[in-house]
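Hello! Here are some notes for you to read alongside the model. Please keep the viewer open as you go.

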Amino acid sequence: MKKFSILGKTEKMDWFFIGVTLLLMGIGVLLVYSATSTVSEIPFYQTLWFKQIAYFLAGIVIAIGLTFIKITVWRKIALPLYLVSLVLLIIVLFFAGDVKGAGRWIDLGFFKLQPSEFAKIAYLLMISTWLSKHPVDFLKFKTFVVPGLLFIFPFVLVLRQPDLSTALVFTMVTLTGLFMAGLRLSEVFFIVSPFFSVILSHSQVAYSQLFWGGFICVLGFLLYRRRLPIALGMAIFLINIFAGYTSTMAWNHLEPHQQKRVETFFNPMADPKGDGYQVLQSMTAIGSGGLSGKGFGNGTQTNLSFLPEEHTDFIFSVLGEQFGFIGCAIVLILYFLFLWRAMEIAKLYAHPFVVILSSGVCAIIFFHVTVNIAMTIGLMPVTGLPLPFLSYGGSFAMTCMCLVGLLCNMRLQGYKMKGKN
Amino acid sequence: MFNSLNNNEDVQNRNMKVLIYLLLVWIAFCILGFRLFHLQYVHYKENFERSENNRIRRMEIEAERGFIYDRNGEILVRNRPSYQIVIDAEQMPRKKDAKDSLFRLLLEIRNELGVRMLDSASLDTAFQRTAWIRNRPIRILEDASPEEVAIIEEHSQELPGVYAIIESRRDYPYGTLAAHALGYTSEISEKQLASEEYKDKYESGDRIGQKGLEQQYDIEFRGKDGVKTVEVNAYGRIVSEMKGMGEQPAIPGMHLVSTLDLRVQLAAEKALPDSVRGAIVAIDPRNGEILAMVSSPRLDPNVFSLKRKERNRGWAKVALDSTRPLLNRAIAGVYPPASIFKLVTTGAGMEHNLLSVNKYYPHRCDGGYQFGNRYQKCWGVHGNLNVVNALRLSCDVYFYQAGLEIDMERINEFGRRFGLGEEILGVDIPGERRGWLPDSASFNKRNKRSGWRWARGLILNLAIGQGQLVTPLQQAVLVGSLATNAGVYRPHLMKELRSRDGTVVKRFTPEIVRPGKMKESTHQVILAGMDSVVNHPGGTGKRGALKGIRVGGKTGSGEWKKGEKTHAWFAAVAPLYAPEIAVSVILESSGGGGALAAPVARQVMEAYFSRDSVFSRKENP
């Protein structure tokens with residue numbers, strides 16, 4: 001028998017990882033409880049924290065189920081799942097009633113299905129399957145054709161909802177997949193450089209021309225260092241210049257609510273009761289927590305409903321107010337441990353499918369965590385991405401638990417992925 | 001990396017990538033950590049203060065308005081709780097489209113009957129006012145029913161800045177009873193706010209007393225608003241009260257014990273139906289306390305505490321009414337004093353020894369009197385009379401001749417001595433008018449435009465009380481002080497101001513405002529005249545007589561317009577030789593005073609003397 005060790009590389013079940021996950025879920029229930037406990041006088045089984053526990057329990061069952069599915073099945077069902085997710089996205093785009101601005105759900109009566117959540121997993125499986133079967137080379141155009149097509153459909157459909165942040169999740173998964181499948185970091189950088197050009201050259205960024213100029217210089221230097229074919233290098237460079245100058249045009253094509261979100265992101269104080277209200281209240285809540293927080297249940301900001309959507313998107317503010325910097329740091333460390341243990345799987349087994357899938361899961365979790373927390377502390381615009389394991393919400397809890405299930409599956413059965421692709 | 005599971009270089013390459021990946025994660029988390037540290041440690045203080053200010057608000061506590069009691073402790077005016085739906089500028093959305101949608105949402109709210117609770121015009125005004133009134137909530141629905149409050153509370157999540165507060169509003173349990181004396185309350189008007197009198201004492205949105213006692217003693221009723229510190233949530237709802245933060249309790253307003261006697265007032269109200277224009281004043285001539293004051297048609301002061309819609313309807317009804325229910329006829333209605341003025345003519349004559357009980361005028365009453373080329377009629381044929389009988393029969397011919405002999409200067413001087421004429425008596429409610437006693441100078445001045453000049457012939461009219469202007473209050477004061485011969489006391493409605501625990505803070509001290517004195521012989525003649533009017537055969541005021549109590553009085557039928565019925569006057573005092581109550585009654589364009597007004601006065605006096613005597617006699621020994 002193997003020697004029992006918690007962090008052992010050969011341990012088939014990563015109990016440490018599972019422990020971190022359960023801990024995060026526990027914190028999540030606690031925070032949802034404290035954020036919503038002021039709404040009293042309803043039986044406990046109708047409270048949000050109890051529902052959250054129910055979601056997590058259901059999620060754990062699903063995760064266990066996924067863990068023991070034969071690992072080779074994933075690559076076979078990837079394409080059908082992907083197509084189903086596209087159909088669902090189309091349905092929600094054209095047939096869902098529009099509730100509160102954006103029609104993102106399909107109401108199944110007992111459950112509000114969010115096709116974009118389902119699409120995250122389906123797309124992850126699909127791109128991992130494809131990239132694990134086909135070599136990747138930055139200099140070969142055909143490398144990008146199929147991944148590009150796979151990417152563009154869910155991306156555009158989600159963007160049309162409109163849900164920019166979720167669309168960016170697909171981007172992150174794609175980039176991570178390409179990176180783990182063989183692209184260099186600098187090559188990934190070249191791919192996303194036009195995006196940076198757009199952001200940095202935007203007139204609302206302070207000293208935008210300076211930043212963008214510096215960025216262009218760095219880009220030029222890297223292109224020179226990488227010794228890319230002259231035509232490709234020039235093309236990337238010119239695309240960046242073009243993107244920079246047309247960013248204002250692109251700005252005009254953003255949805256008004258997205259424009260406003262970006263605008264208030266740069267100056268949340270300008271309109272404390274309007275768009276910047278959420279961010280300002282959230283920052284106040286977190287900042288007023290201090291080093292050790294106001295204590296569990298003593299959050300004045302949250303308990304007196306100054307924080308909007310405190311139990312969903314702004315759950316981190318609840319944490320910051322009640323548990324302070326120490327609490328926030330502990331949660332950040334837990335997330336890091338989660339990602340570290342997940343990436344260990346990629347080191348454990350060399351099969352590209354396992355590597356790309358695990359790192360893709362990490363990309364999704366990482367992107368959600370970073371963007372959500374950055375939003376609550378005023379570093380990024382308000383996007384509406386929930387915080388994994390902490391935010392209230394059935395669909396997203398399911399997604400997270402599916403992802404955990406996939407990771408456990410990879411860990412447990414990764415060795416079975418042998419042979420060529 | 002592909003197909004090379006055992007290739008060492010590829011494994012290293014892949015591990016390197018994992019490391020790079022984790023490094024990126026680490027960097028991102030460090031940035032988040034730095035930012036958190038910045039917010040939670042470096043800027044902790046500001047953020048903490050902001051979070052405190054978020055939830056802590058200083059609020060005014062409305063002081064409860066004092067009640068009004070009648071002289072025996074019956075409640076005439078009290079308060080009732082009233083729900084107000086308000087909008088708070090600090091809590092409502094700032095963005096225009098959010099505001100618009102809130103506006104539309106509010107308009108769509110229907111009450112339990114399916115009727116819209118708010119109308120767009122007043123809601124629009126309220127929304128506009130939120131732009132500049134930021135320190136206090138603005139009422140959008142006044143005096144809401146509990147059902148309406150429940151509907152608003154149900155939708156509180158969708159209606160940021162809209163909530164219900166409890167205010168106390170005035171309640172007049174007897175409705176229109178003594179409405180003109182009591183007054184009413186309403187929100188202070190822009191005009192009042194701008195005036196010197198109100199500017200520093202009140203602020204916009206205050207409900208203040210209007211007219212009557214409510215206005216006169218507003219400061220005393222109001223008390224002093226307090227301040228408290230409360231914790232509120234994001235919707236502006238109070239979650240808890242915080243102690244030890246400089247709160248000041250509200251000092252409730254004082255109660256006012258009025259001089260009104262509910263039973264006398266009730267009898268007076270009953271005797272004067274709303275369909276008849278007129279007024280009744282009953283005072284105690286020994287100290288000027290007003291026992292009853294009725295002005296008809298009446299208004300219901302409760303209307304002014306209702307919802308805007310109902311209030312406006314009620315307001316329009318009284319303001320546009322041609323019978324002018326808003327006018328307090330008892331103090332602000334001016335009428336010719338008619339034959340009651342003959343008492344003044346008599347008094348003036350007696351004072352200057354121009355009249356006596358034994359004096360007869362050469363011209364006996366044969367139905368009229370020839371003066372120059374004018375023939376002035378009398379209302380009957382009375383023959384030769386002395387002064388007492390002339391009063392009893394109210395003979396005009398006698399007083400034509402007496403007036404000519406005495407002259408207006410002496411008559412007016414006597415009238416002024418007993419409260420008529422150029423100065424108001426100073427009753428403690430606003431709006432009193434002073435009337436007019438014309439003489440040659442003031443007549444010419446007043447009629448400058450029309451070109452009428454003073455002529456001696458006018459004395460004929462003035463001697464019988466046609467041409468002067470007096471108020472019903474003045475008439476009551478006149479007969480009362482003629483009967484007492486002890487000075488004219490300032491008529492007043494406030495008896496005592498009491499603090500909440502019942503201690504008397506201020507008591508009205510009776511004050512003589514006119515000499516009200518005459519020679520004893522004059523007094524005797526006037527008493528005899530008033531006595532004979534009521535109690536002697538043929539007396540015009542016999543319908544004013546009471547069983548067991550000697551009533552003295554004088555009737556009057558005021559001519560005010562050709563072809564119209566006369567104003568029916570009756571002024572009485574009882575008991576005549578130890579007066580406790582003086583009553584004046586006027587019924588506009590109704591007919592003769594003896595027939596119509598005297599019974600009304602009798603009912604009032606009856607009520608006064610049939611009161612639970614244990615109570616009243618003790619108070620008025």
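**Notes on a strand and its sheet**

1. B:Ala282 has B:Val583, in strand 21 of chain B, as its bridge partner. Strands pair if DSSP finds at least two bridges between them; strands (E, at least two residues) and helices (H or I, at least four) are DSSP runs, numbered from the N terminus.

2. Strand 20 (residues 567–574) of chain B runs antiparallel to strand 21 (residues 581–587), with 7 bridges joining them. B:Phe570 is the bridge partner of B:Val585, and B:Ala571 stands opposite B:Ser584.

3. Is strand 21 of chain B mostly covered or mostly open? Mostly covered: 7 of its 7 residues are buried (20 or more other C-beta atoms within 10 Å of a residue's own, C-beta atoms being placed from the backbone). One side carries B:Ile581, B:Val583, B:Val585 and B:Leu587, and the other B:Ala582, B:Ser584 and B:Ile586.

4. A word on the model: it is predicted, with local features needing pLDDT of at least 70 and side-chain atom pairs pLDDT 80 or more, while totals for chains, interfaces and linings use all residues. Residues are numbered from 1 along each chain as its sequence is written, with chains lettered from A and ligands numbered from 1 in the order written. Chain A averages a pLDDT (the predictor's confidence in each residue, from 0 to 100) of 83.

How values were computed
A residue is buried if 20 or more other C-beta atoms lie within 10 Å of its own, exposed if 12 or fewer, and partly exposed in between; C-beta atoms are placed from the backbone.
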